[in-house]
Amino acid sequence: MKKRRMFIRMITASLMRRRSRMVVALLSVAIGATILSGLVSIYYDVPRQMGAEFRNYGANMIFTASDGEMSLSDVEAAASKISDEQLVGLAPFRYENVRINDIPVVASGTVPEGVKATSPYWKVEGNWFTKSGELMVGANVAESFRIKAGDMIEVTYTPTEEDGTEAELDNSVFFTVTGIIETGGPEEDYIYMTLEDLATLTETDGRIDVAELSVSATSDELADYVSGISAGSAAVSASLVKRVTASEATVLTKLQALVLLVTIVVLALTMICVATTMTAVVAERRKEIGLRKAIGASDKSIIEEFMGEGMLLGLFGGILGSVLGYLFAQQVSLNVFSSSIVFRPLLVPITVIASIAVTGISSLMPIRSATEVDPALVLKGE
Amino acid sequence: MSLLELKNVSKIYGELHALDDVSLKVEKGEWVSIMGPSGSGKSTMMNIIGCMDKPSLGEVLLDGVDISKENKKNLTTIRRDKIGLIFQQFHLVPYLTAVENVMLAQYYHSMPDEKEALEALERVGLADRAKHLPSQLSGGEQQRVCVARALINYPEIILADEPTGNLDEANEEIVVDLFHKLHSEGTTLIVVTHDPEVAEVAQRTLVLRSGKLHKEKINENFTGKIHFND
């Protein structure tokens with residue numbers, strides 16, 4: 001039998017022999033590892049989850065024309081600099097003064113899918129407009145004109161002649177009202193239709209006044225995008241909606257600090273538990289340690305054997321903890337963010353190594369006391 | 001040169017002289033018993049000879065090396081290489097089998113060798129119990145495993161501390177017979193015992209009293225066999 005085989009046989013037999021005590025130690029390591037791997041999973045997933053959560057509060061980036069006019073293609077070109085995974089939504093808006101029953105109203109041409117993504121908080125009574133010939137009206141407009149979903153309304157626009165004077169003939173188009181918008185904000189004073197319908201109505205094409213974007217990225221990444229887009233595009237000037245990005249960063253920092261703190265506390269508790277168990281094990285095995293030393297074990301051998309046991313405990317606890325930690329993080333994520341967590345394979349070796357390190361460090365003091373056992377105690381049955 | 005020589009050895013704890021100016025020699029291949037009442041200094045002497053303690057005064061020469069000057073680390077090495085220990089309480093590792101307990105001594109000495117360990121168990125008549133745990137063995141069997149473990153590394157001296165203290169007569173006889181066998185093979189034996197019957201089997205009996213060598217008795221009729229008085 002080779003020396004290593006004998007070593008493994010000794011430490012496994014010793015662990016198996018003290019099964020109940022070792023199960024307690026194993027559980028404490030496993031629980032520590034579970035919290036560690038679970039919280040680290042959450043720690044890395046929180047920005048993503050929080051980002052998704054914060055995107056519900058509206059756009060966090062705005063494009064405006066930097067000089068003169070910007071077109072839809074300018075906006076799309078600028079937005080293409082943001083990675084597809086991070087770009088949650090893009091809503092271009094063009095505003096024009098139109099009339100309903102000869103009363104002026106602001107009409108906005110936009111892309112309904114984009115607005116849904118950037119402004120998920122919009123409450124629409126009825127349905128969203130989806131195609132040409134349909135529009136949604138703000139709640140205030142609806143109230144002023146006694147409009148309800150399903151009504152047909154005529155929207156009139158007076159084009160401007162080339163010399164700057166108003167044209168004699170108005171353009172007018174009939175629309176079906178699909179829904180009434182309630183936002184609690186200025187949107188309730190506008191009517192919304194497709195960009196194409198607004199272009200038809202006004203007989204002018206392509207201008208975009210503002211584009212709202214929802215980007216799921218850290219505040220640093222957002223700042224990089226903004227400076228990159230503003231510098232790289234002649235027509236588009238990008239800026240951040242400070243209120244949203246700043247509060248997102250604050251909440252994120254606090255949450256991550258909390259996760260870190262809890263992890264440290266749990267690791268400390270695990271260390272205390274392992275140290276206590278190892279101390280008890282050393283006390284229980286004083287005779288055996290004395291015997292080993294009496295028959296020639298050096299301090300190094302004693303350290304190796306106890307360290308071996310501690311690390312084996314850390315290995316199994318770590319493996320168990322990584323599995324349980326993933327399940328724990330998954331549950332937390334499902335309950336708090338209502339979405340599943342991404343499995344990070346790298347976390348398994350990290351958890352196992354951390355568990356081994358934690359058990360190793362917490363075994364140091366008890367092992368030190370093991371080396372101080374006097375071999376003479378085995379004589380005389382003392 | 002004697003295998004073991006104590007020159008004016010004293011061990012002093014404060015006011016107490018656990019050993020008081022003891023000098024003795026043990027020759028290679030000799031079988032010596034050490035007797036004495038409790039507190040006579042037997043254990044102290046045992047610890048010093050077994051390289052587990054150092055004397056306060058005097059010299060201890062083991063195989064020509066003065067072990068009274070060695071540090072803890074060197075004492076461990078000397079103990080591992082030169083001394084085989086047999087204990088009253090057997091002290092087998094409870095979760096290792098008989099053969100693994102024997103191999104444990106090899107493990108710390110050099111390299112575990114199962115074949116050799118099995119041969120040692122065979123010498124003490126326990127080949128068929130090799131795979132048993134200590135809890136599955138009788139006291140006598142455990143002591144024989146302890147003997148096998150003590151002799152596995154071919155030590156210069158086998159140091160036995162009350163080896164028959166926990167055994168019945170039948171097992172006592174088996175163990176003494178084993179000692180006889182080891183002695184006839186040339187092993188040096190130092191046996192600390194309370195039991196006069198066990199002590200008298202040896203070639204020479206040293207009696208300690210109050211830390212001093214009180215009496216030395218040569219066994220003229222040495223046979224190495226135990227004779228019970230009853």
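Predicted model: local features only at pLDDT ≥ 70, side-chain atom pairs only at ≥ 80, totals over all residues.
**Strand 6 of chain B**

I asked which of its residues are buried on each side. Ile83(B) and Leu85(B) are buried on one side, and Gly84(B) and Ile86(B) are buried on the other. Both faces of the strand are therefore covered, since under 20% relative accessible area counts as buried.

Next I looked up its partner. Strand 6 of chain B runs parallel to strand 7 of chain B, and four bridges join them. Leu85(B) has Leu159(B) of strand 7 standing opposite.

At the strand 10 end I checked the pairing with strand 9 (residues 204-209) of chain B. These two strands run antiparallel and are joined by six bridges. I noted one pair there: Leu206(B) has Glu216(B) in strand 10 as its bridge partner.

**The four-stranded sheet of chain B**

Chain B has an open sheet of four strands too, in the order 2-1-4-5, with antiparallel pairing. Its edge strands are strand 2 (16-26) and strand 5 (65-66) of chain B, each pairing on one side only. Strand 1 (residues 4-13) and strand 2 of chain B run antiparallel, with seven bridges between them. Leu6(B) has Leu24(B) in strand 2 as its bridge partner.

Helix 1 of chain B turned up here again. It packs on this sheet and touches strand 1, strand 2 and strand 4 (57-62) of chain B. Its direction makes about 125° with that of strand 1 of chain B.

**Nonpolar cores**

I went to the largest nonpolar core, which has 102 residues. Which members touch the most others? They are Phe306(A), Leu4(B), Met45(B), Leu121(B) and Phe179(B). Helix 3 (residues 98-109) of chain B gives the most to this core, with eight residues. A second, separate core has 21 residues, among them Val98(A), Ile147(A), Tyr157(A) and Ile180(A).

I listed the contacts of Phe306(A), leaving aside neighbours within four places in sequence. They are Met278(A), Val281(A), Val282(A), Arg285(A), Ile289(A), Ile367(A) and Ala370(A).

**Val102(B)**

Val102(B) is in helix 3 of chain B. Is it buried or exposed? Its relative accessibility is 0%, so Val102(B) counts as buried. Leaving aside neighbours within four places in sequence, its contacts include Ala117(B), Ala120(B), Leu121(B) and Val145(B).

**Where the chains meet**

I looked up the contact between the chains. It takes 33 residues from chain B and 33 residues from chain A. The area buried between them is about 3,000 Å², and carbon and sulfur atoms give 62% of it. Tyr95(B), Tyr107(B) and Tyr108(B) supply 27% of the area that chain B buries against chain A, more than any other three residues.

Gln86(A) is in the loop between helix 3 (72-79) and strand 3 (87-100) of chain A. Why does Gln86(A) count as buried? Because its relative accessibility is 13%, and the cut-off is under 20%. The side chains of Gln86(A) and Tyr225(A) are joined by a polar contact of 2.5 Å. Leaving aside neighbours within four places in sequence, Gln86(A) also has contacts including Ser214(A), Val215(A) and Glu221(A).

I followed the chain onward. Strand 3 and strand 4 (residues 103-110) of chain A pair in the antiparallel sense over seven bridges. Ile100(A) has Ile103(A) in strand 4 as its bridge partner. The hairpin has two residues between these strands, and Asn101(A) takes a positive phi near 50°.

Last entry: strand 4 of chain A pairs in the parallel sense with strand 9 (residues 190-194) of chain A, over five bridges. Gly109(A) has Met193(A) in strand 9 as its bridge partner.

Terms used:
Residues numbered from 1 in each chain as written. Chains lettered and ligands numbered in written order. Heavy atoms only, no water. Buried < 20%, exposed > 50% of the residue type's maximum accessible area, 1.4 Å probe, protein only. Polar contact = N/O pair within 3.5 Å; in protein donor to acceptor, adjacent residues only side chain to side chain. Contact = heavy atoms within 4.5 Å. Pairing = 2+ DSSP bridges. Core = buried A, V, L, I, M, F, W, Y, C linked by side-chain atoms within 4.5 Å. Buried area = accessible area lost by both parts, 1.4 Å probe. Axes fitted to C-alpha atoms, helices over the stretch in contact; angles between N-to-C directions.
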